[in-house]
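These are my notebook entries on a structure that is new to me. I record what I looked up, entry by entry.

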Amino acid sequence: MKKKITVIGLGYVGLPLARLFATKYAVVGFDLKKNRIDELKTGIDSTHEVDSKELTDVLVSENPQKGENGLFLSNDISDIKDSEIYIVTVPTPVDKNNHPDISALRKASETVGCVIEEGNIVIYESTVYPGATEEDCIPIIEKKSGLRFNSDFFAGYSPERINPGDKEHSVEKILKVTSGSTPEIAIEIDELYKSVISAGTHLAPSIKVAEAAKVIENSQRDINIAFVNELAKILNLMGIDTNDVLKAASTKWNFLNFKPGLVGGHCTGVDPYYLAQKAQEFGYHPEIILAGRRMNDSMGHYIASETVKMMLKNDLKIKGSEVLVLGFTFKENCPDVRNTKVIDVVRSLEDYSICVNVFDPWPNINEVRETYDINIINKTPFKKYEAVILAVSHKEFESINIKNLLTENGIIYDVKGVLNLEKNIKRL
């Protein structure tokens, strides 16, 4: 008989996964935030990862029994006690010093420890450094439950590959890496995911291999973007357009066509720090990984300083001037503001005593205020600005004539490289 599943953490990763499993299994979606549970029960997902029909089609009002299908939502731990598989999908960010913060992961492990029973399996999907599952999480479950790992209960790791805002590459269409704490459990976990992931699975030989695969996926991307960001700085000094250079270079069959820009979010801007910390624990200082991070973390200040230089060239005042930043989320067409690097642009502009306005129709303005202590607007502004920075290329911005938002001699800085080069327009 099919086993009952609990998914712990119903954010960008957990909700799509819980929804998918609920088409074939009895699933409890568990989240500590009552307002999140209440929202989802109405069929509304504020992350926009699961549309209303997809969600309501699987929602059930009563906790399903093993063998049934459907998604039951709860923030009550008693509702997850009869599950046999626990999948942890809580966030793993970095703190203000860029050190991995696995506090939510530890808390989730305590929750599992309170309900797990003999024969049960816990699977982690949250991004971690190699070894975290078995060295940091499993001991918490053992201590809380009194059960023995790989004797009474088992574990696995299957790294999430959710791309927020991407409707083409939904969870079932992305090949899933799986692993287990014993050969038999590894096969069982692989078969579980294979039953719902149409793209298929890849069974890694160990949990640590699967953990390492996740962090290097995004570390590799981070380093490649860092290279083109440095390239953009060099070409700018030479008066050469970066987009033109990349377009020409990409005609070679094996050229990797990455774009310069701000690197934030919950993966690419975070995962390298997880790998770096673990490397340092083994006495190795990762030079390339951290150099890439320093380059990408410098881009917010660079964009602000380049904007100010353009303003000075056009005889625009700096102190007390008004600049509009279009977009605040970490990427286009999604409401996710986690680790957005647009905030670095805003803070750097403010250091020049510039009055910064931010317009973004996607995120929750209260969340932005609470997280970053800034007020943003979600309706198109009608006033004039000395400068406009296109930081995120939301589809809503395509219909805006940005030049109509400028004062005389006002300038536009195009971070995303989507505007045609004209007088008073500069691209990264």
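Which side chain meets Glu 160 in a salt bridge? I began with this pair, keeping in mind that the model is predicted.

**Entry on Glu 160.** I found that the side chain of Lys 214 meets that of Glu 160 in a salt bridge, at 3.8 Å from N to O. I then located the two partners: Glu 160 lies in the loop between S6 and strand S7 (176-178), while Lys 214 belongs to helix H7 (residues 207-238), so the pair ties together parts that are 54 residues apart in sequence. I also looked up their accessibility, and both Glu 160 and Lys 214 are buried.

**Entry on helix H6.** I turned next to Lys 194, whose side chain meets that of Asp 190 in a salt bridge of 3.3 Å, N to O. Why are Lys 194 and Asp 190 separated by about one helical turn? They are separated in this way because they stand 4 residues apart in helix H6 (residues 183-194). The side chain of Lys 194 also meets that of Glu 191 in a salt bridge, at 3.9 Å from N to O. Glu 191 and Lys 194 are 3 residues apart in helix H6, again about one turn of the helix.

I compared how far these residues are covered, taking under 20% relative accessible area as buried and over 50% as exposed. Asp 190 has 6% relative accessibility and therefore counts as buried. Lys 194, at 40%, counts as partly exposed, and Glu 191, at 43%, is partly exposed as well.

**Entry on the salt bridges overall.** How many salt bridges does the count come to? I noted 27. I also noted a network of salt bridges that links Glu 135, Lys 208, Lys 278 and Glu 281.

**Entry on the sheet.** I traced an open sheet of 6 strands with parallel pairing, in the order S3-S2-S1-S4-S5-S6. Its edge strands are S3 (70-74) and S6 (154-157), each of which pairs on one side only. From one strand to the next, the twist averages 20°. I followed the pairing of strand S2 (residues 26-30) with S3, which is parallel and runs over 5 bridges. In this pairing I found Val 28 opposite Phe 72 in S3.

**Entry on the helices across the sheet.** Which strands does helix H1 lie across? Helix H1 (residues 14-21) lies across S1 (5-8), S2, S3 and S4 (85-88), and runs at about 165° to S1. Helix H4 (residues 103-115) lies across S1, S2, S4 and S5 (121-124), and I noted an angle of about 170° to S4.

Methods: Residues numbered from 1 in each chain as written. Predicted model: local features only at pLDDT ≥ 70, side-chain atom pairs only at ≥ 80, totals over all residues. Heavy atoms only, no water. Pairing = 2+ DSSP bridges. Helix = DSSP H or I, 4+ residues; strand = E, 2+ residues; numbered from the N terminus. Axes fitted to C-alpha atoms, helices over the stretch in contact; angles between N-to-C directions. Contact = heavy atoms within 4.5 Å. Salt bridge = Lys/Arg side-chain N within 4 Å of Asp/Glu carboxyl O. Buried < 20%, exposed > 50% of the residue type's maximum accessible area, 1.4 Å probe, protein only.
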